[in-house]
Amino acid sequence: MFLKVQLPWNVIIAAENLKPQGLMLQREIIIRLMGDFAMKKATKDLGYFIAVTTLEKIGEGKVRQHTGDVLFPVVFNAITFKIFTGEILEGVVHKVLKHGVFMRCGPIENVYLSHLKMPDYSYVPGENACFMNDKLSKIGKDVTVRFSVIGTKWMEADREFQALVSLEGDYLGPISTTPDI
């Protein structure tokens, strides 16, 4: 789910990048904020950082003693993406294993669908391994799948989420990417 959040942040501008013109300083603060924001990746509480939308406030700069750099407290609005238990989402399969598949869903790389959570699907081994049911519905590499989230886990070391998902429910499973004629 996408969330709109307001965040306080500290932006540090190197002394050599400071320009006396107000607009140039504001531009430098925004560029630095965008770079710092992109490097942060994600947090447990807010999810993945997607985009800065508006800069609400730039506080008074404070010169740092030993470096001469200036620290500006800022407040800005941003969009984040966080996955929640019970949510219905779509992902694209990128790895098929005997015991399940891994999918990507937005910025989340490790969404796992176990074969135990795919009712009526059986593993079909081979060069293009996949899971298939009696109606010839196929879950394989590059297939888009609609699923229900049954659990999430925050991995602090990698600064990313992992999710365990299921196809148990109505209208869940592989979805057609071509329009019906």
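Keep in mind that the model is predicted. Its largest nonpolar core has 28 residues, and a second, separate core has 15.

**Nonpolar cores**
- In the largest nonpolar core, the residues with the most contacts inside it are V101, M103, V111, I139, F147, V165 and L167.
- Two or more residues of this core come from each of β6 (88-97), β7 (100-105), β8 (108-114), β12 and β13.
- Of these, β12 is the one that gives the most, with 4 residues.
- As background, nonpolar side chains tend to be buried together in soluble globular proteins.

**The largest pocket and L167**
- The largest pocket has a volume of about 210 Å³.
- Its lining is made up of 4 nonpolar, 4 polar and 3 charged residues, including P119, D120, Y121, K135 and L167.
- L167 belongs to the largest nonpolar core and also lines this pocket.
- Beyond its neighbours within four places in sequence, L167 is in contact with residues including I139, F147, P119, Y121, L172 and G173.

**Aromatic rings**
- The count of aromatic pairs comes to 10.

**A loop residue, D158**
- D158 sits in the loop between β12 (144-155) and β13 (160-166).
- With a relative accessible area of 44%, D158 is partly exposed.
- Although D158 and A42 are 116 residues apart along the chain, their C-alpha atoms are separated by 9.5 Å.

Methods: Residues numbered from 1 in each chain as written. Predicted model: local features only at pLDDT ≥ 70, side-chain atom pairs only at ≥ 80, totals over all residues. Heavy atoms only, no water. Phe/Tyr/Trp six-rings, centres within 6.5 Å; stacked < 30°, edge-to-face > 60°. 1 Å grid on protein atoms, 1.4 Å probe; cavity = no way out; pocket = protein on both sides within 12 Å on 5 of 7 lines; lining within 4 Å. Points joined across faces, edges and corners; volume = space filled by probe spheres on them. Nonpolar A, V, L, I, M, F, W, Y, C, P; charged D, E, K, R; others polar. Buried < 20%, exposed > 50% of the residue type's maximum accessible area, 1.4 Å probe, protein only. Core = buried A, V, L, I, M, F, W, Y, C linked by side-chain atoms within 4.5 Å. Contact = heavy atoms within 4.5 Å.
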